[in-house]
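Thanks for making time this morning.

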Amino acid sequence: MIFLPSCTDIELTNTLTVVQALAQIKASLQPLAGFEKIALRSSLGRILAEDIISPSNVPAYRNAAMDGYALRGSDLPHDGFQTWQVVGTALAGQPFLGTVGEGQGVRIMTGAMMPAGTDIVVMQEHVAVAGETIRIGSHEKPGQHVREAGEDLALGQVVLTAGKLLLPPELGLLASLGFAEIRVKRRLRVAFFSTGDELCAIGNVPQLGQLYDSNRYTLYGMLTRLGVEVMDLGTVPDQPEALRQTLAAAAANAEVIITSGGVSVGEADFIKETLQTLGKIHFWKIAMRPGRPLAYGKINETVFFGLPGNPVAVMITFYQLVQPILLFLMGSSNHELAKIWKVVCGSRLKKRVGRREFQRGILTSTPAGEWVVHSTGPQGSGILRSMSEGNCFIILAEECERVEIGDWVEVQPFAEFM
Ligand code: AMP
Ligand code: MG
């Protein structure tokens, strides 16, 4: 008796959920070793390679948070008014170095170092000035309008930990500690190319039956935004020898290779063969839509991702699977999938049971300040316009069949990861 595998058997052997695929891939990889020391400004968008321990207090000294008069809080009247003698002036960058005795005060400006012995600033609007004396009432509070030394960053405190993505606040924090140079993770080298006999590079005239290669431009954009070093290897025809040569060159020069096209079921088998002669490659069906087929593996030490060819599928498989892995390889401590919010759906949505769908939506807020998401319209995996018009994914679970207006749905705003 001969047992032929049923369709479901074939489906099950290499079908994975997005979460399972991510876990399998991460388990087979190690984050990049290696760092470089670069100027603080050049570190914007890079991943910190060391823990930063504060070498000083910020602010370094107790200073005034307001323009006014610095006094000894213990001298304040309990009721009525009291008169003080003004013995000097303290400006930002020009401290008052004399001593302040009982019943004495110093004219002080915001940011100026608090003179020795003073611990309170009375704002100038609360002070009646007459020549060299001032009068102050009883409504002032001990310790007011003073910034304590180390209240932002304390000496010895862990300020940032390795793996942190350096954004504008981190540049400012590091500058406030005096760091002129910083150790960051080395850039990941990523090569990419498109496959397909039907592809025409921009600048050429498409022949009958050809279309412009747009995937290389979305890939270029997505990779560049991540801060990796990109190598665009062009458009490669569906020919085993051309493919083999490009892959071998890519593997010799890059740590990651990303291709689009040629991984669908029933597609020219030589692509599979070519890949498998070069390395260890798995062909998976991911239970997602768009973007079911995915090839993943290694060519020597180089990580390989073969994405599907459809333009929306390229973007969705990249953001859901490839980007978290690249962030992991880059040494980022934040390499989880983008966060998910629950909002009310303003459109009727249909889907088939079985796969997790990443529909494109437009998230807006109502006049009452509530979030609502609408569909961008047709969801074909070739409708790239949906990614541009949309501002979020609407994520519909495997078992979901339809969504009615007013139902809650899960969304992932593009701004979180794009
Ligand atoms: P494939 O996965 O190779 O079967 O490609 C699926 C479909 O995606 C093709 O029929 C093309 O219409 C489209 N496609 C493939 N590669 C590209 C590309 N680089 N740019 C734009 N569309 C593409
Ligand atoms: Mg193709």
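This is a predicted model: local features need pLDDT of at least 70, side-chain atom pairs count only at pLDDT 80 or more; totals for chains, interfaces and linings use all residues.

Residues are numbered from 1 along each chain as its sequence is written, chains are lettered from A and ligands numbered from 1 in the order in which they are written, and side-chain values use heavy atoms, with hydrogens and water left out.

The chain is divided into domain 1 (18-34 + 187-329), domain 2 (35-58 + 151-185), domain 3 (63-147) and domain 4 (341-416), with bounds that come from an automatic or database domain assignment. The centres of domain 1 and domain 4, taken over C-alpha atoms, are separated by 27 Å, and 17 residues from domain 1 and 17 residues from domain 4 take part in the contact, meaning heavy atoms within 4.5 Å.

Turning to charges, a salt bridge here is a side-chain nitrogen of Lys or Arg within 4 Å of a carboxyl oxygen of Asp or Glu, and the count comes to 14. One of them joins R186 to E255, with the closest N and O atoms 2.6 Å apart. R186 lies in the loop between β13 and β14 (189-195) and E255 in the loop between α5 (240-253) and β18 (256-260), so the pair ties together parts 69 residues apart in sequence; helices (H or I, at least four residues) and strands (E, at least two) are DSSP runs, numbered from the N terminus. R186 is partly exposed at 28% relative accessibility, whereas E255 is buried at 18%, where buried means under 20% relative accessible area, exposed over 50%, and partly exposed in between (1.4 Å probe, protein chains only).

How many disulfides does the structure hold? There are 0, a disulfide being a pair of cysteine sulfur atoms within 2.5 Å. The sulfur of C345 has its closest cysteine sulfur in C392, and because the distance is 9.3 Å, they are too far apart for a bond. C345 is also buried, with a relative accessible area of 1%.

Finally, I202, Y212 and Y217 form a nonpolar patch on the surface, with about 320 Å² of accessible area together. Patches are made of residues with over 30% relative accessible area and no salt bridge, like charges being joined within 9 Å and nonpolar side chains (Val, Leu, Ile, Met, Phe, Trp, Tyr) within 5 Å.

Technical notes
Accessible areas come from the Shrake-Rupley method with a 1.4 Å probe; for residues, only the protein chains shown count as cover.
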